Amino acid sequence: MNRQEELAVGRRLLGHIDGRTTDLAEAMFRNRVSAYSCRERAALERDRLFRERPVFMGLSTRLPRSGDYLTEDVAGMPVLMTRGADGEVRAFANICRHRGAPVAHGCGNARAFVCPYHGWTYDGAGKLLGTTDKVGFAGIDLSSHGLVRLPVAERHGLMFVRPKPIGAGESGAIDIDADLGALVPDLAALKLDTYPIFSADRVAPRINWKFAIDTFLEGYHIPHLHRKTIAPYFIGNVGTFDGAGLHGRMCVARTSIDTVRPVAEGERNYRPHVISIYQLFPNTILIWQVDHIEIWRAFPDRDDASRCDVEMTIYKPQDSDRPDAYWEKNRDIAIRTVMEEDFPLGERMQIGFESGATEEVIYGRNEPSLVHFHTSIRNALGVAA
Ligand code: FES
Ligand SMILES: [Fe+2]
């Protein structure tokens with residue numbers, strides 16, 4: 001965020017600490033527990049939230065060189081992303097046009113993709129270069145059997161895909177700045193293209209994908225659930241929240257924020273003391289952790305509303321000379337806190353949601369980020385509850 005914004009957020013946080021307050025939502029929000037467990041709701045979310053909107057795929061530094069590629073299933077769509085010789089990022093359905101095998105696996109660097117099933121070959125721009133049985137496929141038009149293109153965008157060091165093929169007459173362009181709206185100045189200021197990836201971890205907790213995102217959207221639970229891990233470093237139940245369309249930004253203070261008090265207001269450096277948590281709708285949490293970037297993405301399971309896939313990545317600054325052990329420690333703290341404290345409790349809550357004993361959960365006014373997230377979901381789905 002820019003300097004004025006940093007000072008304003010810092011002032012708001014100190015004001016809340018002094019007044020024992022926090023940013024508040026307009027009202028409490030009641031959500032049906034079925035939103036976390038219902039199959040029909042999950043299908044609607046997949047179509048409206050994941051297939052019709054740009055989905056964040058990682059920082060640009062995941063594909064730093066031409067020829068780099070990655071593959072991932074995004075809400076039921078097998079996706080292949082490549083960086084071409086021209087430096088452009090492209091995305092395709094990772095589905096061979098012969099009989100549908102994935103043409104690429106994992107991630108790496110390749111000049112061409114050879115389908116493992118019968119050897120059809122595609123270039124990094126998705127063009128079918130050749131089949132392997134000239135007689136069997138005599139006359140096939142190679143140019144109309146390339147990989148199916150998906151809309152893609154790369155801006156401010158962030159990559160997005162819309163996992164739905166480009167329709168006839170559609171340009172395939174995504175206006176990501178319009179989508180990110182008020183978050184753009186913050187995200188641009190972070191210079192995210194200067195953070196190479198350090199680690200990627202994946203888990204498949206038995207929770208609905210929204211619960212995985214909820215985990216990051218309030219600091220209310222920190223002094224309770226995380227009292228043995230991160231609680232000593234944060235001021236619990238104190239935060240600022242600013243919505244940006246469907247997205248949002250929450251800022252929380254480290255206990256060290258008190259050290260700025262002796263400094264004149266306009267000269268304070270709040271940066272080491274404030275964690276910014278960006279919620280990129282629908283399924284990404286990008287956390288500016290002062291000296292590195294931590295990103296969580298949650299994807300609904302293909303057919304089970306009670307499961308999701310979660311990825312946690314750590315990106316470190318490219319000019320840092322800290323040893324790997326330092327970043328490893330940060331990774332361990334994140335894993336211990338979320339995967340060993342938040343998600344195991346979440347799995348018990350998911351069982352509770354499905355038991356039928358309660359109908360609702362309540363997000364308090366002191367949890368404005370949660371209220372905004374679930375309001376955004378209802379708005380994007382066009383449902384009232
Ligand atoms: S499915 Fe790819 S070559 Fe046959
Ligand atoms: Fe937590």
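Author: Domain bounds here come from an automatic or database domain assignment. For this chain the assignment gives domain 1 (3–52 + 183–381) and domain 2 (55–173). The model is predicted: local features need pLDDT of at least 70, side-chain atom pairs count only at pLDDT 80 or more, and totals for chains, interfaces and linings use all residues. Residues are numbered from 1 along each chain as its sequence is written, and side-chain values use heavy atoms, with hydrogens and water left out.

Reader: What makes residues of domain 1 count as being in contact with domain 2?

Author: Contact means heavy atoms within 4.5 Å. By that criterion, 25 residues of domain 1 touch 18 residues of domain 2. The domain centres, taken over C-alpha atoms, are 31 Å apart.

Reader: How is the area buried between domain 1 and domain 2 defined, and what is its value?

Author: Buried area is the accessible area (1.4 Å probe) that two parts lose on being put together, summed over both. Between domain 1 and domain 2 this is about 1,900 Å², with carbon and sulfur atoms giving 63%.

Reader: Why is the pairing of Glu72 with Arg297 called a salt bridge?

Author: The term requires a side-chain nitrogen of Lys or Arg within 4 Å of a carboxyl oxygen of Asp or Glu. The closest N and O atoms of Glu72 and Arg297 are 2.7 Å apart, so the pair qualifies. Between domain 1 and domain 2 the count is four salt bridges.

Notes:
Chains are lettered from A and ligands numbered from 1 in the order in which they are written.
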